[in-house]
Amino acid sequence: MTESEKAPTTRRGVLAGLAGTLGAALALTAAGRRSAAAEPPAAEPPAAPEVRPLVAAAPLTSDALGRMHVELARALAKPRLERRWVMVIDLRKCVGCHACTIACVAENKLPPGVVYRPVLDEEIGTYPNVTRRFIPRPCMQCNEPPCTPVCPVNATWKNDDGIVVVNYDQCIGCRYCLTACPYGARTSDFGYTYTAGTPLAQPGILGQEAADDYERVASFEYGKARERKGEESPIGNARKCHFCTHRIAEGMLPSCVTTCIGRATLFGDANDPDSLVAEMIAKPNVMRLKEEMGTEPRVYYLL
Amino acid sequence: MAKYASRLNRIFWILAAAAFVVGLYGLYSRVAFGHTRANYGSYVPWGLWVAAYIYMIGLSAGAFLFSTLVYVFNIHRVSGEGTVAAPAVGLADGAAFERERLEQVGKLALFTALVTLVGALICIWMDLGHPLRAWKLVFQTSFRSVMGWMIWFYSAYFVLLLVELWLAMRADQVAWSSKSALARFLILGRRDVSATALAADRRLLRILGSVGVVLAIAFHGSVGAIFGVVAARPYWNSALTPIIFLAGALLSGGALLTFVTAIWGPEPGSASHRNLMGFLGQIVLGLLALDVLLEWAEFSIALWNGSPGESASIRLVLFGQYWWVFWIVHVGLGVIVPALLLTVLWRKLWAVALAGALIAVTFLTVRLNIVVPGLAIPELPGLEAAFTGPGLTTNYLPSLSEWLLFVWAVGLAGLIFLAGRRLLPIIHTEK
């Protein structure tokens, strides 16, 4: 890892690094060949050429995911107020596989009816001239969030990192914030379970009691382990995407970012001028949802 | 009490008890299964219980504002033509007697305001995801939220109602205290009924009533503002919203009070009772006209401007799946029929009472048509189809459990009203 941390982090640097590695490899092979030609033919068969994995040759940062990882570590070393977490979703790369939605459900142990990152599926044109467009919709983590001032008990606010968070122990479940979000990004945990109504155990068979173990396991949202039981929080609360703050705190990227098969979702600190996201949000083909509402979302879309 | 009134009183005892008993299942369902038996969800997060809350709280604010006609604006006499006279105009023959009856209507209005407030608070309390954290609303309030202000306004309003009611009944409670233990308890040791003490009571009532006018307007205005400030919902996001809430509160509360006065008012069937009903009927008619005007303003501006953001919700109200809720229940039974009754048959007591009942009951649909259509338009096109699960839909129809809990709250409020009418000196016919 120390090698990769020292590695260049700008795109140009990455390319230069790649070119350098490639050049060195070519030179080595050429040198080997030349030296072999100079030597007199040997009786024993030539030694098998050394196989070097391609991935190891390339620096970690040659892949967007690796680069974002390095940048995340760099951002975490800064004071919280100096970070500006931003998500960039490249709609040209999104194939509508919904892996991010499901990864999020798995990461945060979301019950039925709670979703942080649905993917909107838009069909354009009429058959047979049809094309589809997919718009993943996490929480926009607005810089001017309309959902926080409406809370009557101060249970939700924008934290120092700029992420809109919910204090599950303070939220009374009035759902005013759900009505106030222009993106429909908040859902309420009404206490549904996937296994409700499934058969209970028969002798020798694993029934509901065993099957529902997976939906009782703790979720680690906001860095606190909470098991789903009874009417305890987060049941009865407003819930929303928080850019996986609990993962970020451990130096991990949000779950939807790591799971995206096309590297369509990027994440990082926009205050770091060398970061991938800072590069991307400066592009001319960038847009934000409902810009006219003045909410200043921190989720950018590339078209 | 006239024969019709006592018969209706008995029928309402049966109805309220039945509503209470049947509705118990709704309460059980809410306690045992949480919110999983309700049909509201994350895309339509507020449903029948929120509509029921703003409906009953409107009835309360409206009935309260009617009580101030007596305690603040000093309307003490109603003539056969339905006109009123204030004491400044001069107390004519029998005016003092009349004044006493109208004061009884004042108490009836205060008590109606109290029981509807209780019903409203039950509905919204059960709607919370964590009802046991409701105390945070009062002790950890955020005043950046309109809802925070509303909580403080209605807490103050609740206290004010209790104090006003206590003051208004005190003299009678003292008179009753020899035979009633309840009355003895409720006077809280203050048994002074001298002329000066009563005058002091009356003065205090007037001050409290004046404060109450401001408080009731601020309080119900803030209920409307909760909706008005939500920029994400174009149907609600209008400066007119709190005003419409207030006009609706006056209309529905006044209509309810008119109906209540017809059955539980002072000396039902007497000439002065008829005069009073005629007077109340005319006020209700005027308020109905005002409400229709405001509704027209709201709907016409949104429909003519053609911006789909706002007109989408209104199209849903007028031509959506539940069009009949607006056209048949609200416009038909809540506006046209009562307007005809109040203009053509306004001298008939039953017609005025029926008009009041129709307006008061059907007003629930007006509240539903504010809450639900504002939410039933997806905020991003295709959102409701992007993921499936309970509550991830924009189609909302209250479930049986939701209806039953509402019925229970209404039944409970009704029983409190009927018991109070019987046990407390709200109206008494002894001379």
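Phe259(B) is buried, at 17% relative accessible area; buried here means under 20%, exposed over 50% and partly exposed in between, using a 1.4 Å probe and protein chains only. Trp264(B) also counts as buried, at 4% relative accessibility. This is a predicted model, where local features need pLDDT of at least 70 and side-chain atom pairs count only at pLDDT 80 or more, while totals for chains, interfaces and linings use all residues. Residues are numbered from 1 along each chain as its sequence is written, chains are lettered from A and ligands numbered from 1 in the order written, and side-chain values use heavy atoms, with hydrogens and water left out.

## Aromatic pairs

Rings of Phe, Tyr and Trp (its six-membered ring) pair if their centres lie within 6.5 Å; planes under 30 degrees apart are stacked, over 60 edge-to-face, and the rest tilted. That rule gives 29 aromatic pairs over all chains. In one of them, Trp149(B) and Phe153(B), the ring centres are 6.0 Å apart and the planes sit at 35°, so the pair is tilted. These two are four residues apart in helix α5 (residues 146-176) of chain B, which puts about one helical turn between them. Helices, by the way, are DSSP runs (H or I, at least four residues), numbered from the N terminus. Trp149(B) is partly exposed at 42% relative accessibility, and Phe153(B) is partly exposed at 22%. For Phe259(B) and Trp264(B), the centres are 6.4 Å apart and the planes at 80°, so that pair is edge-to-face.

Ring pairs also tie Tyr176(A), Trp46(B), Phe227(B), Trp236(B) and Phe245(B) into a cluster. Phe245(B) has a charge over its ring too: the charged end of Arg367(B) sits 4.9 Å from the ring centre. The criterion is NZ of Lys or CZ of Arg within 6 Å of the ring centre and within 35 degrees of the ring normal. Arg37(B) likewise lies over the face of Phe33(B), 3.6 Å from the ring centre.

## Helix α2 of chain B

Helix α2 (residues 48-71) of chain B has 24 residues and should span 34 Å, which agrees with end C-alpha atoms 34 Å apart. The expected span is 1.5 Å times one less than the number of residues. The helix is mostly covered, with 23 of the 24 residues of α2(B) buried.

For Cys142(A), the nearest cysteine sulfur is that of Cys139(A), 6.3 Å away. Cys142(A) is buried, at 6% relative accessible area. The sulfur of Cys181(A) is 5.9 Å from its closest counterpart, in Cys147(A), too far for a bond; Cys181(A) is buried at 6% as well.

## Pockets and cavities

On a 1 Å grid over the protein atoms alone, a cavity is a set of points where a 1.4 Å probe fits but cannot get out, and a pocket is an open set with protein on both sides within 12 Å along at least five of seven lines; lining residues have an atom within 4 Å of a point. Volume is the space filled by probe spheres set on the points, which are joined across faces, edges and corners.

The largest pocket has a volume of about 850 Å³. Its lining has 30 residues, with Phe12(B), Tyr55(B), Leu256(B), Val361(B) and Val410(B) nearest the centre. The largest share of this lining, nine residues, comes from α14(B). There are 12 cavities of 30 Å³ or more, and the largest cavity holds about 200 Å³. Among the 15 residues lining the largest cavity, Tyr235(B), Ile244(B), Glu295(B), Phe299(B) and Ile370(B) are closest to its centre.

Terms used
A disulfide is a pair of cysteine sulfur atoms within 2.5 Å.
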